[in-house]
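Here is a short briefing on helices in one protein. Keep the structure open as you read.

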Amino acid sequence: MCGIVGYIGDKRAYPILIKGLSRLEYRGYDSAGIALLQEDNAIKIYKRQGKVLDLTEFIGDASTEGTVGIGHTRWATHGLPNDVNAHPHSSGDGSITLVHNGIIENYDVLKKELIKRGHVFKSETDTEVLVHLIEDIKEKSGVALEEAVRIALNEVHGAYAIVVLSTDEPDKIIAAKKSSPLVIGIGEDEYYLASDATPIVEYTKNVVYLEDEQIAIIHRKNGMRIISLRNKEVSPYVQELEMQLEELEKGGYEHFMLKEIYEQPRAIHDSFRGRLNSKEGWVSLGGIKDYEEQIANANRIIIIACGTSWHAALVGEYYFEDLARIPVEVEYASEFRYRNPIIRKDDVVIAISQSGETADTLAALKMAREQGATLLGIVNVVGSTISRVTDAGSYTHAGPEIGVASTKAFTTQLTLLALMALAIGKRRRTITDKKFQVYLNELEALPGKIEKLLESDDYIKSVAAEYKDAQNALYLGRGSSFPIALEGALKLKEISYIHAEGYPAAEMKHGPIALIDENMPVFVIATQGHNYEKVVSNIQEVKARKGKLIAIVTKGDTAVRDIADHVIEIPTCDEFVVPILATIPFQLISYHIAVMRECNVDQPRNLAKSVTVE
Ligand code: G6P
């Protein structure tokens with residue numbers, strides 16, 4: 001979490017930094033700050049609790065000159081989200097300033113040592129320790145800034161992406177990373193630094209993704225050099241960005257989340273384009289082609305993920321076990337990495353991640369790597385760390401997702417899992433040709449069906465209005481719809497702050513049923529399929545306790561309509577794609593409720609989109 005930016009060149013740094021921070025706000029929005037190296041060689045720092053907008057209001061007409069600068073938007077880990085703990089942080093004499101994303105794990109030991117040596121700290125952050133450490137080294141050994149940074153980083157444990165300025169070397173900016181991302185954009189005699197490419201794309205398409213334990217030394221006149229923590233010269237690998245600027249803007253929608261919900265027909269189409277041909281009857285995922293044999297022969301598939309991506313993984317379990325008949329285990333990356341799991345060489349580990357940067361997922365992958373498993377990724381952000389550390393994988397091609405609550409990233413993850421399971425099932429001959437063909441047709445028809453479903457948005461909004469004041473909500477589903485109940489509940493609590501729980505419909509009677517009364521909205525997925533009748537029985541149990549029932553049903557359903565308070569229809573489809581279609585009404589319900597409750601839909605409190613700390 002936390003977003004960092006930097007600029008060195010001929011332009012005014014201030015507007016570039018502010019715009020960049022706004023793009024990175026999804027990574028945290030507890031406080032924001034910038035540091036500008038001014039003409040008189042002084043560093044001017046502005047920082048403020050709150051969002052980037054609060055920062056710009058605070059700065060007002062104050063001086064913002066300078067062509068070198070750094071900025072930060074924070075998701076608090078060590079220390080309250082207040083003005084003092086906001087980044088940038090400076091050395092005791094104010095000559096060195098830095099921004100940091102990550103956690104310095106041994107900050108306490110270092111801090112005590114530095115205090116003994118006379119350093120005085122202002123904040124409670126781990127970051128301030130790092131800037132004092134750099135100052136200490138520089139003062140003692142008189143080395144250049146990059147060398148002081150290098151020596152300091154060798155003493156530090158934990159994760160970092162940092163950008164550093166010094167008044168002693170005003171034509172330089174130093175950046176380094178380990179476990180937190182950092183991208184450097186290369187313009188004409190200018191450089192842009194950011195946690196991801198979104199602040200950079202409008203200025204240049206040429207970027208270098210800094211690797212772990214690398215330090216970039218960027219000089220206004222002499223250009224960029226990269227060295228390793230061990231002081232070895234590294235040649236930068238310059239890549240071209242594929243991202244388009246329009247993808248990062250709201251395009252007329254009130255919120256990014258709504259735009260991203262409405263983008264799903266296009267996003268899902270992009271996720272299977274060129275990978276599926278229903279006329280010729282094939283599925284082919286270029287990114288994993290060379291590993292298909294290995295996956296088909298896997299002893300077991302372990303899918304690791306966090307948050308919404310974990311819900312996608314649960315649906316993946318149904319897909320792989322049903323279509324490819326390979327045993328699947330789904331794990332929270334944060335649990336998996338700490339519980340000494342049994343991983344064998346013929347296991348295939350699939351990491352699912354929108355950002356491709358989630359710290360726990362990365363750590364779990366690292367552990368699986370050490371134990372010899374094959375690693376695959378299902379990732380949205382092109383060039384992200386998970387896409388680079390895995391053996392192979394496929395991008396979801398959802399395009400940048402800015403709203404903190406994941407929408408299109410999730411449905412494209414499901415699409416890709418379906419494609420993978422079909423490809424492997426076909427190879428293992430565990431799926432009949434007929435079923436294979438039906439499923440290809442179903443996937444191909446999804447964008448059109450979602451368009452149709454989105455036409456009911458006004459009606460869904462009217463349903464949302466009925467439940468906007470609820471204090472609790474229950475979401476129920478069976479089979480592959482159970483993870484969608486979990487995801488529906490997560491969406492509601494994330495953005496509207498209503499407590500919600502997802503449950504397998506049949507498990508309701510083992511606990512949650514005690515909560516049901518006339519004030520409890522119960523959202524149920526009751527679409528046609530082999531669980532239909534069982535779910536209808538569960539629905540009766542809800543109604544018998546006077547719960548308010550909102551059911552997602554297949555178009556034309558009458559039985560549930562007679563019992564439920566509201567029904568929301570999804571187009572007729574095979575139950576194979578129900579998880580994808582049933583997700584959309586839940587996204588819209590949460591969105592509308594959150595708007596009606598005047599919540600910040602795109603930036604819900606306490607959350608961040610990219611969780612780069614464990
Ligand atoms: C955060 C986000 C979620 C996301 C989760 C996992 O909690 O707010 O939307 O599902 O991280 O992130 P990943 O990028 O790995 O999918």
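This is a predicted model: local features need pLDDT of at least 70, side-chain atom pairs count only at pLDDT 80 or more; totals for chains, interfaces and linings use all residues.

**Helix α17: length and end**
- Helix α17 runs over residues 532–544 and has 13 residues.
- At 1.5 Å a residue, α17 should span 18 Å.
- Lys 546 follows α17 and has a positive phi, near 70 degrees.

- An α-helix has 3.6 residues a turn, so residues three or four places apart point the same way.
- The buried residues in α17 are Tyr 532, Val 535, Val 536, Asn 538, Ile 539 and Val 542.
- Seen down the axis of α17, these buried residues fall within an arc of 160 degrees, so they line one face of the helix.
- Glu 533 and Ala 544 are exposed, on the face of α17 turned away from its buried side.
- What covers the buried residues of α17? The cover includes strands β23 (472–477), β25 (521–525) and β26 (548–554), along with helix α18 (559–563).

**Helices α7 and α13: a packed pair**
- Two packed helices are described by the angle between their axes and the distance between the axes.
- Helix α7 (residues 264–272) packs with helix α13 (residues 408–428) at an angle of about 30 degrees. Their axes are 9 Å apart.
- Angles under 35 degrees count as roughly parallel, so α7 is roughly parallel to α13.
- The crossing of α7 past α13 is right-handed.
- From α7, Gln 264, Arg 266, Ala 267, Ile 268, Ser 271 and Phe 272 make the contact.
- From α13, the contact residues are Lys 408, Thr 411, Thr 412, Thr 415, Leu 416 and Leu 419.

Notes: Residues are numbered from 1 along each chain as its sequence is written. Side-chain values use heavy atoms; hydrogens and water are left out. Helices (H or I, at least four residues) and strands (E, at least two) are DSSP runs, numbered from the N terminus. The expected span of a helix is 1.5 Å times one less than its number of residues. Buried means under 20% relative accessible area, exposed over 50%, partly exposed in between (1.4 Å probe, protein chains only). The arc is that of the directions from the helix axis to the C-beta atoms. Contact means heavy atoms within 4.5 Å. Axes are lines fitted to C-alpha atoms, for helices over the stretch in contact, and angles run from 0 to 180 degrees between N-to-C directions. Angles under 35 degrees count as roughly parallel, over 145 as roughly antiparallel, 65 to 115 as roughly perpendicular and the rest as oblique. A crossing is left-handed if the near helix is turned anticlockwise from the far one by less than a right angle, and right-handed if clockwise.
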